[in-house]
Amino acid sequence: MSVAERIEERERVKKLVDLVPDSDLDAAARMLRGLAVDPVAWTLDNAPLDDEPITQEDIDAQAEARADIAAGRVYSHEDVVRRLGLARREGEAGQ
């Protein structure tokens, strides 16, 4: 589709939106948002906040992780791939 054709199609869609009855506007908006927005990003943006309390186990695990980082006991993703001899597939992130 050429640029001019896309512009014309957008104008046709805008005119169709104006024809949607008020009682169906919410449904039409949801449908258009579903086409226009990345569903994963929308899900993350609308996910409920984590409301679980932080436990002592969580605090201890965070402290252990910080100690490992400070002591250099960490491996990058690239290190793990190399150490395990894993080959990356074409088009995979980091290529």
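Is aspartate 68 buried, partly exposed or exposed, and at what relative accessibility? At 22%, aspartate 68 counts as partly exposed, on a scale where buried means under 20% relative accessible area, exposed over 50%, and partly exposed in between (1.4 Å probe, protein chains only). The structure is a predicted model, in which local features need pLDDT of at least 70 and side-chain atom pairs count only at pLDDT 80 or more, while totals for chains, interfaces and linings use all residues. Residues are numbered from 1 along each chain as its sequence is written, and side-chain values use heavy atoms, with hydrogens and water left out.

Aspartate 68 also opens the account of charged pairs. A salt bridge is taken as a side-chain nitrogen of Lys or Arg within 4 Å of a carboxyl oxygen of Asp or Glu, and the count by this rule comes to four. One of them joins aspartate 68 to arginine 73, with the closest N and O atoms 2.8 Å apart. Another links arginine 82 with aspartate 79, where the closest N and O atoms are 2.6 Å apart. These two residues are three apart in helix H5 (residues 77–84), so about one helical turn separates arginine 82 from aspartate 79. Arginine 82 is exposed, at a relative accessible area of 57%. Helices here are DSSP runs (H or I, at least four residues), as are strands (E, at least two), numbered from the N terminus.

Helix H1 holds a further pair. Lysine 14 forms a salt bridge with glutamate 11, the closest N and O atoms being 3.5 Å apart. Because they are three residues apart in helix H1, lysine 14 and glutamate 11 are separated by about one helical turn. Both partners have intermediate accessibility: lysine 14 is partly exposed at 48%, and glutamate 11 is partly exposed at 39%.

Lysine 14 turns up again in the largest pocket, whose lining consists of Arg6, Glu9, Arg10, Val13, Lys14, Val17 and Leu32. Helix H1 gives the most to this lining, with six residues. The pocket contains about 210 Å³ of space. On a 1 Å grid over the protein atoms alone, a pocket is an open set of points where a 1.4 Å probe fits, with protein on both sides within 12 Å along at least five of seven lines, and lining residues have an atom within 4 Å of a point. The volume is the space filled by probe spheres set on the points, which are joined across faces, edges and corners.

Val13, Val17 and Leu32 also belong, with Leu35, to a nonpolar surface patch that has about 350 Å² of accessible area together. Helices H1 (3–19) and H2 (25–36) are the elements giving two or more residues to this patch. Patch members have over 30% relative accessible area and no salt bridge, and nonpolar side chains (Val, Leu, Ile, Met, Phe, Trp, Tyr) are joined within 5 Å; the areas come from the Shrake-Rupley method with a 1.4 Å probe. Leucine 35 sits in helix H2 and is exposed, at 74%.

Aspartate 50 lies between helix H3 (39–45) and helix H4 (56–70), and is exposed at 66%. Its side chain reaches the backbone nitrogen of glutamate 52 at 3.1 Å.

Notes. Patches are made of residues with over 30% relative accessible area and no salt bridge: like charges are joined within 9 Å, nonpolar side chains (Val, Leu, Ile, Met, Phe, Trp, Tyr) within 5 Å. A polar contact is a pair of N or O atoms within 3.5 Å; within protein, one must be able to donate a hydrogen and the other to accept it, and residues adjacent in sequence count only if both atoms are side-chain atoms.
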